[in-house]
Amino acid sequence: MPALLLAFSICGQARAADPIRIGELNSYKAQPAFLDPYKKGMELAVDEINAAGGVNGRQLELITRDDGGNPGDAIRVAEELVTREKVDVLAGTFLSHIGLAVAGYADKRKVFFLAAEPLTDKITWSDGNRYTFRLRASTYMQVAMLMPEAVAAQKKRWALVYPNYEYGQSAVDTFKKLLKAAQPDVEFVAEQATPLGKLDAGPVVQAIADAKPDAVFNVLFAADLAKFVREAQTRGALEGVFVASLLSGEPEYLDPLKGEAPVGWVVTGYPWYAIDTPEHKAFLDAYRAKYNDYPRLGSVVGYTTIKSLAAGFAKAGGTDTEKLVEAFKGLEVAGPFGPFQYRASDHQATMGAFVGRLGVKDGGGVMLDPKYVDGLSVLPSDAEVKALRPAAD
């Protein structure tokens with residue numbers, strides 16, 4: 001072979017073997033309880049995929065950055081990942097308003113973005129775009145999962161407490177809409193919108209108690225949730241009150257409460273100790289072997305984020321953005337909760353979540369009688385999505 005052709009051949013082979021670069025940004029400093037396990041889950045998946053030969057003969061390379069916990073910094077970080085680090089795709093984000101900002105950036109720059117964790121419905125519906133897909137069950141989906149229990153409780157006077165930003169607002173709006181449709185005579189007698197991460201629990205709990213509700217819908221999480229639970233227990237404010245609560249069964253937020261876990265609350269969460277399926281057992285064993293620890297929900301989300309991207313790269317035959325977008329429409333993925341797919345109609349994954357009631361066992365909080373709810377069962381139909389999502393896709 002002539003020297004020049006040989007050089008071109010070697011260069012082409014080198015390019016073909018270049019790693020696939022995944023640019024991931026998240027609020028690591030602001031939300032470590034969820035995102036430390038999330039990062040471990042991603043790294044476990046990368047190790048597994050690379051040990052098996054990578055994707056199409058290419059290794060995965062994960063490049064993580066902190067998004068600063070605000071939209072402006074997140075967009076700057078996304079731009080650095082794309083222009084300086086030359087990443088092939090973007091992934092991540094935790095807080096809903098940051099996820100929306102990065103989704104907008106991805107649409108403008110025509111960069112593929114897999115929103116791993118932000119839950120607001122806007123990401124896949126009103127603000128949805130061609131280049132953004134979302135993994136986790138949305139606020140609408142998780143509220144809908146709690147709705148059968150909320151309706152069956154037949155409580156008329158509801159109080160609402162939530163962090164006052166996109167996620168909390170979205171969850172409460174959906175809850176009001178779905179409950180009112182199922183129970184027209186319901187009354188919302190108190191609404192406490194609290195600053196994220198800065199809950200003043202005493203006045204909030206007292207305001208709810210003063211309204212004398214017979215049920216509460218709670219959307220608080222992390223340290224705010226712990227403060228709220230402890231203050232409510234100290235005052236006896238929720239005795240005899242039915243509580244439906246998003247995310248409160250996730251180990252990240254339940255474990256710190258230990259024996260103070262609020263018994264009887266109906267929650268969404270992740271009962272890793274009670275899932276008896278081959279897919280989850282394989283994940284649990286691998287996670288424990290690598291980290292000598294049990295997984296949190298963040299671990300599952302991080303792991304499945306990378307598995308989703310790998311499946312997309314394989315189906316697309318590479319990292320071309322437009323081909324990857326088309327590959328993700330209807331993409332089937334095998335995750336720790338079993339198989340799911342990304343819907344073509346709204347780019348939402350059908351991975352579900354678990355619903356159960358909180359209890360205390362061996363000095364710690366657990367989900368009792370957890371039931372897995374498939375995401376597809378609580379999503380609007382493709383026809384309904386057309387009214388929720390922009391036509392241009």
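This is a predicted model: local features need pLDDT of at least 70, side-chain atom pairs count only at pLDDT 80 or more; totals for chains, interfaces and linings use all residues.

Across the whole structure, the search finds two cavities of 30 Å³ or more. The second largest cavity has a volume of about 40 Å³, and Arg136, Ala137, Gln142, Leu297, Phe337, Met351, Gly352 and Ala353 line this space. By class, the lining of the second largest cavity comprises five nonpolar, two polar and one charged residues.

## The largest pocket

A volume of about 330 Å³ is found for the largest pocket. Of the 16 residues that line the largest pocket, Asp121, Trp125, Tyr140, Thr174 and Lys177 lie nearest its centre. Two or more lining residues come from each of helix 6 (166–182) and helix 13 (382–388). Helix 6 gives the largest share, seven residues.

The lining of the largest pocket divides into six charged, five polar and five nonpolar residues.

## The second largest pocket

The second largest pocket contains about 250 Å³ of space. Its lining consists of 14 residues, and those nearest the centre are Ala30, Gln31, Leu196, Gly197 and Ala222. Helix 2 (32–51) and helix 8 (222–235) each contribute at least two residues to this lining, with the largest share, three residues, coming from helix 8.

In the lining of the second largest pocket, nine residues are nonpolar, four are polar and one is charged.

Technical notes: Residues are numbered from 1 along each chain as its sequence is written. Side-chain values use heavy atoms; hydrogens and water are left out. On a 1 Å grid over the protein atoms alone, a cavity is a set of points where a 1.4 Å probe fits but cannot get out, and a pocket is an open set with protein on both sides within 12 Å along at least five of seven lines; lining residues have an atom within 4 Å of a point. Grid points are joined across faces, edges and corners, and a volume is the space filled by probe spheres set on the points. Ala, Val, Leu, Ile, Met, Phe, Trp, Tyr, Cys and Pro count as nonpolar, Asp, Glu, Lys and Arg as charged, and the others, Gly among them, as polar. Helices (H or I, at least four residues) and strands (E, at least two) are DSSP runs, numbered from the N terminus.
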